[in-house]
Amino acid sequence: MSESEELNSIAHKWCWGTIDLSDQSVRRGGPVWNPLVAELVTAGAVMLELWDRVLSPRQRAGLAEGFAAESEQSARLVAAFLAGVSRVGYASPSHMVAFGARQQPSLTLDKARADWQEQALKAGLPLPAAGAWVRGADPEHIAAAVLPRLTGCDCAGYVDGERCRDRDHHGLYVAAYALNRHGADVLHADTVAKAYRATGGPAWDAVRAALVDAVAHHVGLDVRSLPRLVRPTEPTRLTAFGRLVSQSSGLSRGDASRGFASPDDSKEAVSDRARLHAREAVSRIRVAG
Ligand SMILES: [Zn+2]
């Protein structure tokens, strides 16, 4: 592996997910920010737990039908994969430079941001230069713009997130657009085109591809098989799925009181941690519900 390939293979681990400036995570040996990759993998793990332990046979069959999946097992894997990648749009220049923008300004925050930025740049994360104007877009819209391309559509001649005309890829677009809090059928082509211009280009595509790979690895899915496994055509039939994705994402956020994950964690460590987190989070809602 060349040095630049090696850099590429770790840059995605420096995208941040949840930030907590209390010293809770630090006291447990973790950083003040939880890696986005850990939260994506955990969201996939949560969906698997929900599928296996919470959903009724009827709900599972309904989801498999909505996906027009080749089997319920395929639908289960695809559901987990999509829940995992639903927040991939957070891996974009405008969101990443906004490290801690929702926190109270403080010296602790300034230092945390400077530390993170220095190490993220060293790891190869293509952050814009300090002070540069950065185009922004809703992370959900960015996800819709980039996911079909990251999950099997390689059709030439379509730009700005435009939908291709390959019938085998239609389902990829339907699935990517369904990962939207506001409903599966509300995204307009102009919204997606605008979001496409905020994706940050090929350097960020590589970061997002690595995040997608991490989720696929955890779920045990070959991304290239996606167009074959599911062929959803009716966005409205994925409404229940959209709610489960939101729930999985919500339950996957890092918990500072247990210490955040580290960008140095191996794939196996990320997966083990995700599985444990998911099992506990879903047990809590089963008890509560
Ligand atoms: Zn295509």
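A residue is called buried when its relative accessible area is under 20%, exposed when the value is over 50%, and partly exposed in between. The model shown here is predicted. Asp23, at 43% relative accessibility, therefore counts as partly exposed, while Arg27 reaches 64% and so counts as exposed. These two residues form a salt bridge, with their closest N and O atoms 3.4 Å apart.

Side chains of opposite charge can pair when their charged atoms come close. In helix 3, Glu49 and Arg53 lie four residues apart, about one turn of the helix. Their side chains meet in a salt bridge with an N to O distance of 2.5 Å. Glu49 is buried, because its relative accessible area is 13%, whereas Arg53, at 27%, counts as partly exposed.

Helix 7, residues 107-122, holds another such pair, Asp110 and Arg113, which are three residues apart. The closest N and O atoms of this salt bridge are 3.4 Å apart. Arg113 has 26% relative accessibility and so counts as partly exposed; Asp110, at 39%, is also partly exposed. Salt bridges with shared partners also build a network, which joins Glu49, Arg53 and Arg279.

Helix 4 shows how burial can be arranged around a helix. Within its span, residues 57-66, the buried residues are Arg60, Leu63, Ala64 and Gly66. They sit on the same side of helix 4, because they cover an arc of only 160 degrees around the axis. The face turned away from this buried side carries the exposed residues Pro57, Arg58 and Glu65. What do the buried residues of helix 4 pack against? Their partners are helix 3 (36-53), helix 5 (72-85) and helix 13 (239-251). Just after helix 4, the backbone at Ala68 takes a positive phi of about 45 degrees.

The last stop is a loop. Thr199 is found between helix 10 (189-196) and helix 11 (202-219). Is this residue, Thr199, buried or exposed? With 5% relative accessibility, Thr199 counts as buried. A polar atom of the Thr199 side chain lies 2.8 Å from the backbone oxygen of Tyr196. Leaving aside residues up to four places away in sequence, Thr199 touches Pro93, Ile142, Val146, Trp204 and Arg208.

Technical notes
Residues numbered from 1 in each chain as written. Predicted model: local features only at pLDDT ≥ 70, side-chain atom pairs only at ≥ 80, totals over all residues. Heavy atoms only, no water. Helix = DSSP H or I, 4+ residues; strand = E, 2+ residues; numbered from the N terminus. Buried < 20%, exposed > 50% of the residue type's maximum accessible area, 1.4 Å probe, protein only. Polar contact = N/O pair within 3.5 Å; in protein donor to acceptor, adjacent residues only side chain to side chain. Contact = heavy atoms within 4.5 Å. Arc of directions from axis to C-beta. Salt bridge = Lys/Arg side-chain N within 4 Å of Asp/Glu carboxyl O.
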